[in-house]
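Have the sequence and the 3D view open side by side for this one. We'll walk through it a piece at a time.

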Amino acid sequence: MIQPKKIFRTAGGELGFEWNDGSRGACEVRKLRLACPCALCVDEHTGEKLLNSSSVPEDIKLLKIQSVGRYAATLSFSDGHSSGIYPYDKLMELTKNP
């Protein structure tokens, strides 16, 4: 099961992870917000994206990250959104370095 060993902020303000398989990666905060999997942002029946990307500020900030069991995290953003549960495998995919 993929889990973070370390969570950190990069010098550029990205959210970074060191994973238990030894890999590392980071992601821009806005990209994380745009990838929110909650029912407000994605239709739970069709998978259609509901979030309008123009409604997410370019300078959005990550305020808090909290573990959900051993499989996911919730992220709280400066636009007031905090309902998404991001499975660690999804976060790993988002933070992979090209």
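What follows goes from the sheet to the core, then to the aromatic rings and the cysteines.

First, some ground rules: this is a predicted model, where local features need pLDDT of at least 70 and side-chain atom pairs count only at pLDDT 80 or more, while totals for chains, interfaces and linings use all residues. Residues are numbered from 1 along each chain as its sequence is written, and side-chain values use heavy atoms, with hydrogens and water left out.

Let's start with the sheet. Helices (H or I, at least four residues) and strands (E, at least two) are DSSP runs, numbered from the N terminus. Two strands count as paired if DSSP finds at least two bridges between them. Here, three strands make an open sheet in the order β4-β5-β6, with antiparallel pairing. Strands of a sheet pair through backbone hydrogen bonds, either parallel or antiparallel. The edges are β4 (62–68) and β6 (85–87), and each has a single partner strand, so one side of each is left without a neighbour in the sheet. From one strand to the next, the twist averages 30° (axes are lines fitted to C-alpha atoms, for helices over the stretch in contact, and angles run from 0 to 180 degrees between N-to-C directions).

Now trace the pairings. β4 and β5 are joined by six bridges; L62 sits opposite F77 in β5, and S67 sits opposite A73. The two strands form a hairpin with three residues between them, and G69 in the turn has a positive phi of about 60°. On the other flank, three bridges join β5 to β6, with Y86 of β6 as the bridge partner of A73.

How many residues of β5 are buried? Six of its six are, where buried means under 20% relative accessible area, exposed over 50% and partly exposed in between (1.4 Å probe, protein chains only). A72, T74 and S76 are buried on one side of β5, and A73, L75 and F77 on the other.

That brings us to the core. A nonpolar core is a set of buried Ala, Val, Leu, Ile, Met, Phe, Trp, Tyr and Cys residues joined through side-chain atoms within 4.5 Å. The largest one has 23 residues, and W19, L32, L75, F77 and L91 touch the most other members. β2, α1 (29–34), β5 (72–77) and α2 each supply at least two residues, with α2 giving the most, four.

W19 also turns up among the aromatics. Rings of Phe, Tyr and Trp (its six-membered ring) pair if their centres lie within 6.5 Å; planes under 30 degrees apart are stacked, over 60 edge-to-face and the rest tilted. There are two such pairs. F17 and W19 have ring centres 4.7 Å apart and planes at 15°, so they are stacked. W19 and Y88 are edge-to-face, at 6.2 Å centre to centre and 65° between the planes. W19 is in strand β2 (residues 15–19) and Y88 in helix α2 (residues 88–94), so this pair ties together parts that are 69 residues apart in sequence.

Finally, the cysteines. A disulfide is a pair of cysteine sulfur atoms within 2.5 Å, and the count here is zero. For C27, the nearest cysteine sulfur is that of C36, 13 Å away. C38 is in no disulfide either, with the sulfur of C36 nearest at 3.7 Å.
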